[in-house]
Each structure stands twice: as C-alpha cells, then as structure tokens.
Amino acid sequence: MIVLKLGGSVVTDKDRAETLDGEALDRAADAVAAALESPSESLAEGLVVVHGGGSFGHHNASEHGVSTTAGTHDPGAVQDVHGAMTTLNAFVRSRLLERDVPAVPVHPFSAGHRDPDGDLHLPTGQVRTLLEEGFVPVLHGDVIAHAGEGVTIVSGDELVAELARALEADRIGLCSTVPGVLDDDDAVIDRIESYGTVADVLGESEATDVTGGMAAKVRALLELEADASIFGLEGLEGFLESEEPGTTIG
C-alpha cells in the first residue's frame, strides 16, 4: 500500500492566495491514473492521497495566527481554514475523478483531535475500509480540535506519518516542487539516514508555511519504518511504478 502526498506548493500557486496550479494538478492526476491502470505490487494493495494546504490553507492559517501549536477559539477562523481546504480537496478529487480514479474525501477535522500535550490522535478505520472497498481516500491538511487550544493545524506531513504507521504502508512518497532534498550546491541528496547529516542544509520555506517546511518532512519520515521518497512532479510517475526518484529517506 502506498501513501502519497501531493505538496501544497505543487497543486497551488503558493505565493497567491487561494490560487490553483491547474497544469501541475493535471500532471499529477495523469500520473496517478496511468499508474492505477497497471499498478505495481505496492500500488495494487491500495493508494491513499494526502495533499497540503498551499495557498489555500497556509494563507488563511497565517491570517488568523493558527499553526500546529498555536490555536484559536474563533469559529470564523475555523471556517476560513477548513472551508479553503475543503475547496482545494474538491479540486484535487475532481481532477482525479475526471480520470476515473475512485477518489473520495476524508476530512481530518471531523475525524481526529490533539490531546493536551499536542499529540495527534487520528482514527483510520474508515480509511482502511475505503481502501478495502476499492476507493482512493483523499485527505488534506486541516484544522483539528486541540484540547486546551481550541483548534490548531494538522499538516499533511503529520497525516502521512499517522496513516503510514496505522495502515502499515509499504511505500511513502512526498511530491514536492524540488527534485529532492538539496545540498548546499543544489544537488539532490540520494539518501538521508539521519537528520544530523543534513540539518545544516535544511532551511525554512520561502513561501508562507505554518507547518515546518522541508526540515519537518525529513524528521517525520525518518521516524517511519516504510521506505520513503521526496521527489519533484517529474518523478511522480516513476515513484508509482516502484522506482526511487529524488531523495530516499531512511
């Protein structure tokens, strides 16, 4: 089984509020549809798609000062962030459905929560059942109930990690706007086995991002047992065909 994340910076124009990158989303949807026509062994066991917030979620979260740790009790803020993300989710699913990919929504706001320590609790029985019934569940970064904080943000990267553990994913892919994790010379690092070896080259995202950027992605993937890859859109088709494009984590 594969958990695939489409980065928000891939499917949206992250520098312009609530702006879709339709061309990139079409390319991603084409790759997914083509791979499902003659699936690899891992893909034949199911596919879960998670997409980031991009200019939809991050813009609204930043406007309201909400992050993965800073919460809000303002229902208007909840509506702005969640509403933007469900709109983006509908765009993503519609492109997949146009290509006969059986995509269905799973909204984290209605499914999970954080405890007072900030730890994420996300039931995945509905996702597992949808997979068993032949669907492609599509989740997204979202707001989520947080004990003592009102609501905070749950990032797509957090969702990928939770889903990969709970569903015992065989492979994990993070499709980004860069061809992999880059070193100081902008060359792709083939493999990362410990965070300390790349800490100096991992900086913050230049675009508005309330969930931690590349550093957070690498940390989260290093904690997982499944094979993981970070790659650009041009590597998506190869990843779904069991290749290892970009940077391998673990």
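## Pocket and cavity

Helices α7 and α8 each supply at least two residues of the lining of the second largest pocket. Helices (H or I, at least four residues) and strands (E, at least two) are DSSP runs, numbered from the N terminus. The model is predicted: local features need pLDDT of at least 70 and side-chain atom pairs count only at pLDDT 80 or more, while totals for chains, interfaces and linings use all residues. Residues are numbered from 1 along each chain as its sequence is written, and side-chain values use heavy atoms, with hydrogens and water left out.

On a 1 Å grid over the protein atoms alone, a cavity is a set of points where a 1.4 Å probe fits but cannot get out, and a pocket is an open set with protein on both sides within 12 Å along at least five of seven lines; lining residues have an atom within 4 Å of a point. Grid points are joined across faces, edges and corners, and a volume is the space filled by probe spheres set on the points.

The second largest pocket holds about 320 Å³ of space. It is lined by 16 residues, of which Arg114, Asp157, Glu158, Ala161 and Ala220 are the closest to its centre. A search of the whole structure finds 1 cavity of 30 Å³ or more. Its lining consists of Leu6, Leu25, Ala28, Ala29, Val32, Val92 and Leu96, and α2 (22–37) and α5 (75–98) each supply at least two of the lining residues.

## Val32

Val32, one of the residues lining the cavity, is found in helix α2. Val32 counts as buried because its relative accessibility is 2%; buried means under 20% relative accessible area, exposed over 50%, and partly exposed in between (1.4 Å probe, protein chains only). Leaving aside residues up to four places away in sequence, Val32 touches Leu4, Leu47, Leu96, Val101 and Leu240, where contact means heavy atoms within 4.5 Å. Between the C-alpha atoms of Val32 and Glu18, 14 residues apart along the chain, the separation is 24 Å.

## The sheet

An open sheet is formed by 8 strands in the order β3-β6-β2-β1-β9-β11-β12-β10, with mixed pairing. Its edge strands, β3 (103–105) and β10 (191–192), each pair on one side only. Two strands pair if DSSP finds at least two bridges between them.

Strand β1 (residues 2–6) runs parallel to β2 (residues 47–51), joined by 5 bridges, and Leu6 has His51 as its bridge partner there. Another 5 bridges join β1 to β9 (residues 171–176), again in parallel; Val3 stands opposite Ile172. Beyond this, β9 pairs with β11 (residues 227–232) in the parallel sense over 6 bridges, and Leu174 stands opposite Ile230.

In a regular strand the side chains alternate between the two faces of the sheet. In β1 both faces are covered: Ile2, Leu4 and Leu6 are buried on one side, and Val3 and Lys5 on the other.

## Nonpolar cores

A nonpolar core is a set of buried Ala, Val, Leu, Ile, Met, Phe, Trp, Tyr and Cys residues joined through side-chain atoms within 4.5 Å. The largest has 35 residues, of which Val48 and Ile172 touch the most other members. Two or more residues each come from β2, α6 (125–132), α7 (156–167), β9, α8 (213–222) and β11; α7 gives the largest share, 6 residues. Not counting residues up to four places away in sequence, the contacts of Ile172 include Val3, Val160, Ala164, Leu221 and Phe239. A second, separate core of 32 residues includes Ala28, Met85, Val138 and Leu236.

## Helix α4

Helix α4 (residues 54–63) is mostly covered, with 7 of its 10 residues buried. These are Gly54, Ser55, Phe56, Gly57, His58, Asn60 and Ala61. The cover over them includes α1 (8–11), α5 and β8 (150–154). Just after α4, Gly65 takes a positive phi of about 70 degrees.
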